[in-house]
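Here's a quick walk through this one, region by region. Have the structure open as you read.

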Amino acid sequence: MKRRYAEIAGWGMYVPPRVVPNDTFVTMGLDTSDEWISSRTGIERRRVVEADEATSDMATKAAVQAMAVAGLHSGDIDLIVVATCTPDHVMPATASIVQDRLGMLNAGAMDLNAACSGFVYALATSAAQVESGRARNVLVIGADELSIYLNWQDRSTCVLFGDGAGAVVLRQANEPGIMGSTMGSDGSGAGLLTIKGASRVRASSNGTPSGSANGHEKAANGAAAADENYLTMNGPQIFRWATQIMPRAAEQVMASSGLKTEDISLFIPHQANERIMKATAKRLGLPTEKVFSNVREYGNTSAASIPIALCEALSTGRVDVGDYVVLSSFGAGLSWAALALRWSVPIPSHVAPWQPIQRQVASRMAAVRSVLRRGERSVRTRIDETLGKGEG
Ligand code: UT7
């Protein structure tokens with residue numbers, strides 16, 4: 001049987017309009033400076049969501065662009081994977097919300113949490129679905145808004161992160177596309193980078209049927225639980241580990257894909273810190289012009305950092321058909337992942353004038369279909385209730 005491959009056929013990104021430059025932290029009264037932040041991290045500004053903007057909102061906007069570039073209809077998508085550690089809700093999955101907004105009626109939908117490594121994990125997992133023939137087209141999104149989990153009084157973390165989303169559409173191809181991938185995790189380092197507020201915290205603060213806490217304990221633990229909702233990080237330890245694991249993962253995936261350093265046209269590392277990226281490039285023997293960086297503009301956008309970087313690399317002419325591109329990421333877990341690909345589709349030099357209109361029409365139609373489905377569900381429920389009452 002003919003072997004199937006997966007290739008990226010569409011891409012899109014979204015960042016919130018609100019720009020927060022480094023000086024804002026000084027104005028807020030934090031003991032920091034633009035000089036410290038930019039020299040230690042390379043970050044000059046980041047984007048931050050407004051109060052009413054959720055992860056699914058950003059994810060949907062990036063996905064709409066990716067679908068337009070791929071030239072696919074919503075019914076063509078078999079699976080949606082949203083890589084995020086800041087979902088809209090514990091449940092339902094953010095991917096299901098995106099699925100509804102885009103009217104992707106034939107698509108399965110799931111979230112994947114591997115923190116900042118999430119997008120590369122999702123891309124590798126989705127490529128396997130396409131290569132095996134289980135899915136023809138998969139929408140893969142990386143979207144995070146870590147700003148809502150930041151302690152804005154903690155200078156060691158709040159200056160580092162930003163919000164955003166990036167998406168790609170994977171489709172079947174006759175040639176590789178995605179060449180190889182590697183994923184890894186070392187949970188012994190889980191405590192180095194956390195947002196703790198989930199079942200571990202709730203079990204101890206709210207009590208359970210077998211050991212419920214009294215009102216006083218609940219109130220005290222509730223305050224603790226609020227603290228647990230903040231992102232905490234041991235920056236220096238993550239830094240040291242990242243400079244080891246990013247190049248190692250990249251080397252692994254290059255070896256398994258039959259690529260040498262000199263074959264690589266562009267290396268897209270997780271955008272966390274310019275110093276980490278430089279140290280990684282040095283270890284790999286890559287010249288800086290082959291390493292993509294936009295951390296200056298967006299800070300660390302977690303699962304969105306690599307797809308946003310990929311979109312900007314494409315729109316600025318840094319990738320051409322036939323180029324070998326390596327992605328490498330690290331993050332909480334600890335987790336890491338790398339992926340090698342051969343760029344295989346032409347890159348449109350401009351957006352066709354009808355595309356924004358086409359996108360608007362498509363999303364309005366999806367919204368109408370969604371309203372109709374909700375209406376149908378509520379009518380059915382009423383009929384069932386009425387019939388049920390009649391039987392009783
Ligand atoms: O997606 C994965 C996410 N995480 C990362 O990638 C983080 C990896 N780590 C890093 O990027 C770096 O460790 C940081 C940027 C977080 C910190 O840089 P560093 O060079 O490792 O600094 P440090 O933590 O060793 O701190 C040096 C000093 C300390 O003061 P003292 O103890 O020397 O007096 C910090 O308190 O800098 C201080 N400091 C700051 N000063 C001004 C920490 N944050 C700030 C700040 N402004 N924002």
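This is a predicted model: local features need pLDDT of at least 70, side-chain atom pairs count only at pLDDT 80 or more; totals for chains, interfaces and linings use all residues.

## Helix 5 and its end

Helix 5 itself covers residues 118-132. Its 15 residues reach 21 Å from the first C-alpha to the last, close to the 21 Å expected at 1.5 Å a residue.

How many residues of helix 5 are buried? It's 12 of the 15, so helix 5 is largely enclosed by the rest of the structure. The buried residues include Phe 119, Tyr 121 and Leu 123, and Gln 129 and Val 130 are also among them.

## The overall picture

Stepping back, the chain has 13 helices and 13 strands. Of its 392 residues, 46% count as buried. Look at contacts between residues at least 6 apart in sequence, and 80% of them join residues at least 24 apart.

## Strand 7 and its two partners

Strand 7 runs over residues 163-173. Because 9 of its 11 residues are buried, strand 7 is largely enclosed by the rest of the structure.

Which strands pair with strand 7? One is strand 1 (residues 5-14), antiparallel over 9 bridges. Within that pairing, Gly 12 has Ala 167 of strand 7 as its bridge partner. The other is strand 6 (residues 137-145), also antiparallel and also over 9 bridges. There, Asp 144 stands opposite Gly 164 of strand 7. If you're picturing side chains, remember that in a regular strand they alternate between the two faces of the sheet.

Where does the shell come from?

## Two cis peptide bonds

The bond from Met 91 to Pro 92 is cis, with omega near 5°. You'll find Pro 92 in the loop between strand 4 (79-83) and helix 4 (94-102).

Another cis bond joins Gly 333 and Leu 334, and here omega is about -10°. Leu 334 sits in the loop between strand 12 (324-331) and strand 13 (335-342).

## Positive phi without glycine

Ala 115 isn't a glycine, yet its phi is positive, near 50°. Look for Ala 115 in the loop between strand 5 (108-112) and helix 5. Is Ala 115 buried or exposed? It has 24 C-beta neighbours inside 10 Å, and the cut-off for buried is 20 or more, so Ala 115 counts as buried.

Ser 302 is another non-glycine with a positive phi, this time about 60°. Its place is in the loop between helix 11 (295-298) and helix 12 (305-315). With 32 other C-beta atoms within 10 Å, Ser 302 is buried too.

Key
Residues are numbered from 1 along each chain as its sequence is written. Helices (H or I, at least four residues) and strands (E, at least two) are DSSP runs, numbered from the N terminus. Two residues are in contact if their C-beta atoms, placed from the backbone, lie within 7 Å. Two strands pair if DSSP finds at least two bridges between them. The expected span of a helix is 1.5 Å times one less than its number of residues.
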